[in-house]
Amino acid sequence: MFRVRHIAFSISTVFSSAALAHGLDYEHIAVHGHQTRLLGQALSASEGVIGQGEIAQRPLLRTGEVLELVPGMVVTQHSGSGKANQYFLRGFNLDHGTDFQTSLEGMPLNMRTHGHGQAYTDLNFIVPEFIGNIQYRKGAYHADQGDFATAGSARFFLTSALPSMLSLQLGQDNYQRAVVSHHLALDDATLSVGLEATGYDGPWTDIDEGIRKYNGLVRYNRATDSGQFNLTLMAYDNRWQSADQIPQRAVDQGLIDKLGSLDTTLGGESDRYSLSLNWQWYDWAISAYAIESNLDLFSNFTYYLNDPIQGDQFKQVDKRRIWGGDISRHAFTSLFGKEWAHEVGAQLRYDDIGEVALYNTKARQVLSPVRVDSVDELSSALYWQSELLLTNRLTLSTGVRYDYFDVSVDSDLVQNSGDASDDLLSFNASLSYSLTPSLEGYMNAGQSFHSNDARGATIQLDPVTGDRAEPVDLLVRGDGMEIGLRYFDSKSLNLSVAVWTLELDSELLFVGDAGNTEASRGSRRYGVEAAAYYWLNNRLSLDMEVALSHSRFRGQEAGEGDRIDGSLPVVASAGFTWQANDNISSSLRIRHFGKRLLDSRGEVRSEPLTVMNLSLTYALQAWQFKLEVLNLLNSDDHDIDYLYESRLPGEPPEGVEDIHYHPIEPRTLRLGATYHF
């Protein structure tokens, strides 16, 4: 029988006898993705599924940290809680999402040609309780992966029916969070409604973050004889103040403390609205979406370096609408008597960016524009992926993908207006071999790419200096290879190991903070990853994940070394989960991020970061009470470090090169209560 590759779930259902005694049909379902058998289903050792069971157990300081469930992924923050997180994976400082593709119910989350940075990925609109599962892939070995999937991808899927629940959470620093959701059964369909409201002031000594975040979700899901149909409406609004990164010397000199700020008027506001449709009809899968997204962001990284009078605060603006969709079909045939499966698909995306801009500001008041643009960006793709069962143990997977991009930039500086287009043909191939019923080996090779900011593809003059600027390629090629092993025993152990390598033609990116482009050389990365999940019994489990990487630029550049700024060579995490009895459970987790390279010569490195989180849960009938202790040991390590020049009042005009950092938040306690109805 042909092995159709799909994602399955290990589902444990627990019935509350007390609830049934009171006539309540109460049921708790926990989906544990790490207990999913992916042998015969995955193309590589470095892909997997994360279920709601793991997400519910994980103590989270920020929503974006759900991505740290992807083995080897690091999620940090260098600014206010309303801004997209900073991500690291496979030797990449992914900034806010470059080279890692994310989507939700088929909607792309990476923002092209964004006001703050290419592939900007803000996950603040996702409610963890509403996630059904996350499917992740590291590397690019699937033809349906496109832009930004160089290091990998994560696909978020919502639950088909939201849980009927009311949850309240309170914590230190005026943390308040409420979540309510309910689903109604309508014959063979369900209608779900969910709301989230969050407020938080943060631990900072001279500002209150003043977060006011609201999320809304309405979802209609219907099962039919031919498949499934769902329609999802989402809304998100957020406003906040920011405690941005600070220079080490300002703390050493006593100008501010380690939780202080040099500019107390930073922050922003953001909103997102979307409507998405997904329809599975026999062998066809169809999705379509419409998104409106807006961001106003105020930052100040260099203080008085560029403007010693007014200061260097700036505002970044991004206002856009996105339309698009995918269509694909699965088919099964034979080749020389061998079973052969195919997936053929087409993808379309159009970004109508009404304003993407950079302004000089002071205390959030606009002083002058640096660059103001409107952009139209259209991409289309065709792909084909096949799997040929060569023997009962050996499967060959091959794929091809064609991408075409067309952009049009209308700039306030006429020389930077223009049109550009580019296309790429990408291939992938994988072999998987079943060594035993519990052990499978993989060999993978694939091509990928990331797009550059459209403004970088048409630029002629630097908007700050007026100097001549060189345009960059719109699409940048990546080539990756991987070998790996996966061992799975659903009763005790899930183990995977992968050795990988990845080359990029160029790490060319548009620098949104400066309004111009910065070219770098090609790069080469390689590393090894291991993940192990061990269930001692039904009540006790352990897990450990380790990722080691080596990152270097290729070629020479005058005055520079070959190290890649911001690359992270060591990531490790471990967890311990104990179900003491039917009512009490606990989870203890530790994360360690090694020293990060901060300059191209490798002469300056950050200090490592180690943080431990704890959660304790008590369940009683339909009630659940949870205590979370984040940063349990009260570490004062840094969330992130950068090395660059900035200027404080009284310092030389050329500024001072210094480490600028954002501290992790001190130990904080949060207590929550959830009622299921």
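Author: A search of the whole structure finds 33 salt bridges. The model is a predicted one.

Reader: What makes Arg62 and Asp639 a salt bridge?

Author: The closest N and O atoms of Arg62 and Asp639 are 2.7 Å apart. The cut-off is 4 Å between a side-chain nitrogen of Lys or Arg and a carboxyl oxygen of Asp or Glu. The pair therefore qualifies.

Reader: Why is this pair said to tie together parts that are apart in sequence?

Author: Arg62 lies in the loop between helix H2 (52-57) and strand E4 (74-76), and Asp639 lies in strand E35, so the bridge ties together parts 577 residues apart in sequence. Arg62 and Asp639 are both buried.

Reader: Which elements does the bridge of Arg591 and Glu68 tie together?

Author: Arg591 sits in strand E32 (residues 584-593) and Glu68 in the loop between H2 and E4, so this pair ties together parts 523 residues apart in sequence. The N to O distance is 2.3 Å. Both Arg591 and Glu68 are buried.

Reader: How do you know that Arg596 and Asp641 form a salt bridge?

Author: Their N to O distance is 3.5 Å. The limit is 4 Å, so the pair counts. Arg596 is in the loop between E32 and strand E33 (609-620), while Asp641 is in strand E35, 45 residues away. Arg596 and Asp641 are buried.

Reader: Which residues are linked in a network of salt bridges?

Author: Arg90, Lys138, Glu482 and Glu529 are.

Reader: Why is strand E35 called an edge strand?

Author: E35 (638-646) pairs on one side only. The open sheet runs E16-E36-E35, with antiparallel pairing. E35 and E36 (residues 656-663) share 8 bridges. Pairing needs at least two bridges, so E35 and E36 count as paired. In this pairing, Ile640 stands opposite His662 of E36.

Reader: Why is Ser523 called buried?

Author: Its relative accessible area is 1%. Buried means under 20%, so Ser523 is buried. Ser523 is in strand E29 (residues 523-535). Among the residues it touches are Leu502, Phe553 and Ile564.

Reader: What makes the approach of Ser523 and Arg525 a polar contact?

Author: The two side chains make the contact at 3.2 Å. The distance limit is 3.5 Å, so 3.2 Å falls within it.

Reader: Why does Leu548 count as partly exposed?

Author: Its relative accessibility is 38%. Buried is under 20% and exposed is over 50%, so Leu548 falls in between. Leu548 lies in strand E30. Leu548 is one of the residues of a nonpolar surface patch of about 760 Å². Strands E26 (493-504) and E30 (540-553) each supply at least two residues of that patch.

Notes. Residues numbered from 1 in each chain as written. Predicted model: local features only at pLDDT ≥ 70, side-chain atom pairs only at ≥ 80, totals over all residues. Heavy atoms only, no water. Helix = DSSP H or I, 4+ residues; strand = E, 2+ residues; numbered from the N terminus. Patch = residues over 30% accessible without salt bridge, like charges linked within 9 Å, V, L, I, M, F, W, Y side chains within 5 Å. Areas by Shrake-Rupley, 256 points an atom, 1.4 Å probe, with all protein chains shown as cover. Buried < 20%, exposed > 50% of the residue type's maximum accessible area, 1.4 Å probe, protein only. Polar contact = N/O pair within 3.5 Å; in protein donor to acceptor, adjacent residues only side chain to side chain. Contact = heavy atoms within 4.5 Å. Lists of a residue's contacts leave out its neighbours within four places in sequence.
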